[in-house]
Structures are given as C-alpha cells and as structure tokens.
Amino acid sequence: MTISAERPIEVVTPSATPPAYGRSWTQRPGWMSQHLGTAIVAAILGYAIGHWFGNYLASGYSFVANSGQNSIADALALTFGVVGWLLGIGALNYPLAKLIGRDGAKEETVDNWTKYFRYSLDHKVVGLQYVVGVLLFMFTGGLLAMAIRTELLNPTTHVFSADTYIKIVSEHGTVMMMMATSIIVGPLGNYLVPLMIGARRMAFPRIEALSFWIFVAGYMVIFSALPYGGFPTGWTGYAPLQTQAGPGMISYLLGFAVIGIGMMAAGFNIAVSIINYRAPGMTWSRLPIFVWSILATAALLTLATPVLFAGGLFGVLDKTVQTAFYVTEHGGSSYLWQNLFWFFGHPEVYIMALPGFGIVGEILPVFTRKPLFAYKVAAAGMIGVALLSFFVWQHHLFQSGINPDMRPLFMLTTELISIPTGFIFLVGMGTLYKAKIRFEVPMLFAMALFFNFLIGGVTGVFLSDVPVNVTVHGGFFVLSHFHYTIMGGLLFAFMAGLYYWLPKMTGRMMNSRIGKWHFWTMFIFFNLTFFPMFIIGLLGQPRRVYTYAPRLQGLNDFSSISAFLLGVSFLIFFANLMWSMWISPVKAPANPWDSLGLEWQTANPVPSYNFERIPVIMTDPYRYSEADAPAFADMGDGAGRSSSTTAGSSQA
Amino acid sequence: MATENAQNEPNHLRRMTTAWVIISVIADVLFWVFVGPHVPPGHMTETAINNQRTFNVLLVIALPVLIGVWIYLGYAIVVWGSKRNSVDSIGGESARTNRKAQTSWIVVTSVVVLILAGYGSYAVIAEHGSGGGEGPNPVWTPSGAAQAQTAALAGTQNWSPGSKNVLPVQVIGQQWKFTYRYPTFGGFETTQLILPVNTEIAFNVTSLDVIHSFWAYQLSVKADANPQVNDVAYTETKQMGNFVVRCSELCGIWHGSMYNYGKVVSQSDFMNWATTTEAANAANTKLLPPFAWTYVPDANGASGGYYPDGKQTPYSTVELYGSKTPAS
C-alpha cells in the first residue's frame, strides 16, 4: 500500500503560548485557582450537605432503629460528596457554563508541577496522574491482601474477627477489581494512544480528565465503606446478602456506579480517538497492536459498564427507598443481580486481560528484533474475545439453579473464547521463533505473562467444564485461576509497560539491576503464592473463609509466607521507583530500547502538542528484521512548517 | 509453528517436538497412574467418580499444552536468547505470518475445544447434571425422580431398603447452618445429613435468607441455595463413610463456620435412623411449617419459625408497623 499525496496533510503551527481564551475565575493564580485542595474541601462540604439533606428528607428513617444510620442520608452524602469533588476540581465549569448559555470557561493551562493536581486536559498529564492513582490503590489493595494471608496463617487462631476478615476480603476484592480495570487503560492507554496513533490530543480531553477524577472519587467512595463498617458480600455483592448488609454496602454500590461513569467515559473517549484521530497513513492494518487491544478494551468498557452502573443504582434504590429489584419476597429476583453483575463482570475480565496482551505484543518485537508474528490474527483475536465475552457470563452461575439446558451452551461459548484468547500464544511463540532475544526487564515481565497466563487460561477451561466446575466452583481453585490471569497476566504486563515506557513518560530510566531483582522476586513468589491455592481449592477450601480444615494449614502457610515475600517484591518495586525517579534519576536516552514505535519518535520530553507536525505513517509497524526498512513514519522534520509538503509520498 | 528452516541450522521444531512428545507422554502416564485416582472428590458417589474422571481427562489434555508452551519458551530462551544484552538492531528472521502455522494453530485449538465442549456436555447430561444444581425444573433426571418428588410432596414413604427408588432430601440453607428435611419420613427436620448407600438421592436445596451453596464435597454435589427457589441436584451414593458439607457461597459473617459432617450408612442403618428420628421428632415436626419446596420468610426476614411462646415471630409485626405489614 502506498501513501500518496492525495490525502491533504494538516499542518498546524503550534504557537508558543496557548491561545488566549476568556479569562475566568478558574484561572486565578496559586491557591485561589482550582486544584486537588479545593476538590477535597468541596467534597467534604458536599458530603455534609448531602447528609443533612438526606436526614431532612427522611428523618427517622433508619437502617436499624435508633442507630442514627439513615440509608438515604448516607447515599445522598456520598453522591453530593462526589458532585462537590467534581465541582471543586473544576470538572463541571465548562458544561455548567454551556448549560446557562455562556461560552465555556477554558481550563487553566499551567506548566509547572501543580498541573498534576489539577483538572488537566493534556493526555500526558492525565496518564501520569493515573500512574500514581493506580499504584496507590494497588498498594492499598495489596495491604489488604497481606491482612488476608495473615489471618489464614492458622485455621483456628484468629488475628481478625470473622466480621473484620470478611470485610477485608470484600474491600480487597472490590478495590483490586476496580484498580485492575484501569491499571493499563488509564495510565498507559491515555498516555500512549495519542502518541501511537499520531494525534495531538484525545478526542474529548474534558471527558478524559473527568474519567480520571471520577475514578479517584469512586475509589474514595469504595474506601468509605470501611468507616461505614464495611460490607460482607465480597466483590460480587450477591443480592439478598446485599440487601441485608449494613451502610457500607451503599459505598460499594455507589462506588461501582461512580467508577462506572469513569469507565464509560474513558472507554468512549479512547474508542472515538482511535477511530477518528489516527494520523494520515495509519490504516487499520498499521495500527500498533497495543492500540488494537485498547480499542477492544474501550469497546468493552463502553458497552459493559452501563449494566454495572444500572445494577449498582438498583441496589442503592433497594437499600434506600425500599424498591424490590433484588428482593424475592416482594416480587424481585436475587438472580437479577447475579445476571446483571456477571453480564458486566465477564466482559470486565477481558477488560483486564486484553491490554496486557497488547503490551506484550508491543514489547516482544522490540526485544526480539522481529516483526510481530500473525499481527492480523492477534488483532482479530482481540476483537473476537471482545465480542464473545458478552456470551459467557452464565458460567458463573452453573450451580445457581439457572435453567439447566443453558449449561452446555455456556460451556461451549466459554470454551470457544479460549480460541481467540489462545492467539496471544501463537503470536508470542511465532515472534520468539529464531529471534534475537534481549532480556531487558520489560521483556522478562512480558515473557512471564506467557508462563502465568498459560496456567490461568488452562485452568479456566477446567472451570468452564460443568462436571469439573462442581468440584472447584466457589473454592480456592477459582481464586487461584483469576489471580493467575489478572495478576499473572495483567499486572505483569503493566510492570513490563511501566519499565518500558516510564523512560518516555518521565525522561528517567528505571534502574535495571533493581528491576531484575523486582522481576525475579515477583515472578517466583507470585507462583509460590498462588500455585498452592489450586491444590488448596481442590482439597475443598471454599473462598472467603476465616477458618479452614486443619489439614490444609501447611499449604496455607506456605502460600501466606510466599505472599508476604511477594509483598516484599512490591516494596522493591516501590524502592526502584523512588530511586530511579526522584533520588538518583538517570536521564533516559531518546529511544532506550531502539524501538520503531511512533511514541519514541517525538521529542523528549513530549511537547504539549505531541508532534510538531502530524506524522505521516509510511509503512506497517514492527519491521525490525529488515536492514533497509523504511521509517515507520515521516515526522516532517526539516520539511518545513509553512508549505503543504507531501512528505513521504509514494514509498513502498 | 513455522516450518522454514535455514540450511546449517538444526531443525528446531523437530527437537522441540521430540522433547514435547516424550515429556508429555511420561507426564500424562505418571499423572494418570499415580495422581489421578487420588484426585478429589474421590469415589464416594457416582457423580464423584465421573467428575473425577472428567478432571483427569482434562488434565491429561492440559499437561501436553502446558508442557508444549513451556518447552518452546525454554528452548527460545536458551537457543535464541542473546548471551549479552548486545543491541543488534536488525533482528532474526522476518516471518511476519505463516499461513500453515496459523491455520494449523486455529484448527488444532478449535478441535480440542469442541471435543472438550462435547465431552463436557455429554458428561453433564449423562450424569443427571453431574451433581450440580439444576434449578426447580431439572431436565436431566435419573429414572424415578418425578415419582420421588411426588412422594415428597404427598409425604408418602417411597424408599425402603432394596427398593431402588430415589430418596428425596431437602437441604435448607440459613444463616449459618444447613438443616435437612426428610419429606418421605414425615418431614422431620434435623441438622444431621444421613444417607443410605447405593441409593439415588434427590437433593432439594433452598434457602431461608441469603444465597448459600450446598457443597457436599466428597459426594461431588454443589447446588446454590436461593431463597424461594428449589434447586435440585442428583447423585447416587456408592460408598459408606463420612463426608463434609460446606457452604461455598459467601453468606455473611459466619460463612467460614457454616459446615457440618454427613454420613453415608448402610440401607438398613439408614432405615433405622430415619424411622427412629421420625418418631422421636414427631412432636417438633408438627410445629414446623408443612413440607414445601420453598419457605417464605415473614416480614421480619429471618426464618420466621415458631417460638416456644406460640407467637409466629419473636415480636409481632402488627405491633410494630400496624396492619399495613406486607403479607408474608
């Protein structure tokens, strides 16, 4: 395919100073402008007002008589808190101004460190905000995991009460699931997609910024469950227990709804950007595989999350104004929640798998110096997974008493989805064939994904088989399976992505020696933590129990101790991050991994307009093995800014 | 995988395939002979035997897959990995695609997956749901299942030693214990789960409050207990002995403590136990709600049972809320 001069090339001269918009009160200097601090203050105010308003609306309407807990006040307090947060950060300035017919007030564009604490429309700032956000939440969820493994050290001696334990488990699951949804799409997706498709910005920068700030708000709502006394349902929140649970449940339901808005916003913005903002010449068959994976993920985020959003709101209504969506005695159905939840929940699983595939697909060619094997199969596989993932949700309900003749169907669809999922192995193994492998830290993490995800995927086939499911459903086998796919797949891919792209994002190299320590401890102790759990599950230990059969103590202790060492591995990562980013930074070369990717071709640090000129994509990506391969893109360097140069015309 | 082959190079694929076949055969045989017979859930019931076999078949198929990928990765690391991190910007061979490799990959994975789905479907249909809960209207039932359900509702005794009939047992999940009713023995309710050997059992699982899951581990029976749903699961007991019953669906604080032990005994022992318990419990059984597939809790939630003072519930809903109380 040739890129010819037929397509006009947009030449935009970036001005040194951003265009002057009407100055609004949001652009006041210093502490008077809007930032994280005003957001916190406004959130607290909103919380207080909402709580008062709820009590005013429905005073004496308590969850438990005379307990002072009013579900309506709790729900409204959290909702108003979130609205206050968004007002405080400035997310609503523009839409509200438009709403009353004024010209929208443009957001502040500061260029110092405080931009990371503001409502920034720069996708690179949002990406870095997400990096810090997801890491914070990952560490909090990880601490809860340490607490779980501490309790499971002994079957009879209890560190936590049964009550506290179940709430720790529930909070860990919910936090980690919501963190994992955003862990790659948020930081790397937002930062890299425009750079990889040759765009100057996202399609909807305000929606993008909103997706981050509402993600943070959603997290705070989910964490607010703890001071409210927690919730006992696990991350799945099954319904009669949900209806029965205390006020912490409202934080869970509202938290899902709030984070759901962020997920929909992120997915919508990224999908539109990828479809419409590709540089000239960036045809679908030249799209980097990471962008394909993010596109598939964005489609899932946009289509699956509304179900969670609605499901969460139904739950809030059940708990506040006494509707009966999930109350069987009053005409609702406990199956409704299970179906809504998993109709979202299973695409969610692939929201957490696909970006990982994208990252390894992006990293393998660089470190093997080979083209990505079976690129089209990989892209088709991701789309196939995204489509099929909407047809498998009832495999979570095999023993729940659903219509039994549905079971062979859902067994079939679930096993079918392993075909497109397995393409990532075809891609990986084909790319490794006769390669020249460099074992840099990102490559180590990428290869570990193949080891871990293989175990996770194969055990998934076991779980999809109804007769085997009878033995392993609801036990530690399931738990181990999804930790192998999410942690062993997604989190390893995220680490690969961080080590690989942080030099681009921050201009500083991660220390490779500490990085290797981090990799090997994480890889070894991850497997030592979770592999025994397959056996623990087969031997009959159900999930979410604070006490278990004494004969399983040996395996549980082994797993716990490995888990603590896995925690140490994360401390090593944290130390590396601190060391390499702040304490002793080493300036990164412009293209440290010798990659052909478009994101490495722009200046470093990336200018706020990303590309001085919109690049023209000349050829397909990953032509690593050809000495005389043409450049991936014509960056327009030296082509001048003034004329409509049709650079790169008619190269093969 | 890719088949092209430079001249002076060893045949990588042949090496890997040879190693793969040898190691896979050894691993499969070792597993099948030494580990397979001990894989849970054991041999206590027909469904346990079958579900164990399905697990073993799946593992025998899975081991070569795992071993194949691991050998490939290991081989790649050893043979194609650079010894030093020398940056050689122009890399190895340039195969972007290989139609043969792609087609055979897709065909092989599809065939394996379809065989697995077919085998799984056959197993779940032939084994009457493989011990999993089939909901209120099971479609794959052992012979005599309908007759047993009719007998349960009518309260007539349909099972006696040697009768080969299906024995209906009701499992009632409640926070945080399971109780069991034997509808064909007068409908008495007990916390003991005693079953006769060599008998097809129909478990009718329901709940009084939240969702529980009745998991009789060694029997390989698992059925969610939903309020106001009768979830039916079948198994045929084959060996006498004890088994564990655990709740495997999170049901609140004491979920971890929601377990008890059941027992499979000889048919005559069971008959003795059932008739004795029926007689001993007769006075209490009269106070229970009449046997039904599901029980609707009253407006106070909870199980709404009888209390010694004769009131329906610990406190009267009418006193609390007036006569507008929703009908239970």
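Once neighbours within four places in sequence are left aside, M352(A) is in contact (C-beta atoms, placed from the backbone, within 7 Å) with A180(A), T181(A), I486(A) and L490(A). This is a predicted model, in which local features need pLDDT of at least 70 and side-chain atom pairs count only at pLDDT 80 or more, while totals for chains, interfaces and linings use all residues. Residues are numbered from 1 along each chain as its sequence is written, with chains lettered from A and ligands numbered from 1 in the order in which they are written.

Colleague: What makes M352(A) count as buried?

Modeller: A residue is buried if 20 or more other C-beta atoms lie within 10 Å of its own, exposed if 12 or fewer, and partly exposed in between; M352(A) has 27 C-beta neighbours inside 10 Å and therefore counts as buried. M352(A) sits in the loop between α11 (334-351) and α12 (354-368) of chain A, where helices (H or I, at least four residues) and strands (E, at least two) are DSSP runs numbered from the N terminus.

Colleague: Why is α16(A) called roughly antiparallel to α2(B)?

Modeller: The axes, lines fitted to C-alpha atoms over the stretch in contact, with angles from 0 to 180 degrees between N-to-C directions, cross at roughly 170 degrees and come within 11 Å for α16 (residues 441-464) of chain A and α2 (residues 46-80) of chain B. Angles under 35 degrees count as roughly parallel, over 145 as roughly antiparallel, 65 to 115 as roughly perpendicular and the rest as oblique, so α16(A) is roughly antiparallel to α2(B).

Colleague: Which classes make up the contact of α16(A) with α2(B)?

Modeller: With Ala, Val, Leu, Ile, Met, Phe, Trp, Tyr, Cys and Pro as nonpolar, Asp, Glu, Lys and Arg as charged, and the others, Gly among them, as polar, the residues divide into 13 nonpolar, no polar and no charged. Among them, F450(A) and L454(A) lie in α16(A), and L66(B) and V69(B) in α2(B).

Colleague: How many residues does each chain bring to the contact?

Modeller: Chain B gives 87 residues and chain A gives 81; on the side of chain B, the largest share, 14 residues, comes from α2(B).

Colleague: What makes a set of residues a nonpolar core?

Modeller: The members are buried Ala, Val, Leu, Ile, Met, Phe, Trp, Tyr and Cys residues joined through C-beta atoms within 7 Å. The largest such core has 279 residues, and F203(B) is one of those touching the most other members. Helix α18 (residues 476-506) of chain A gives the most to this core, with 20 residues.

Methods
Two residues are in contact if their C-beta atoms, placed from the backbone, lie within 7 Å.
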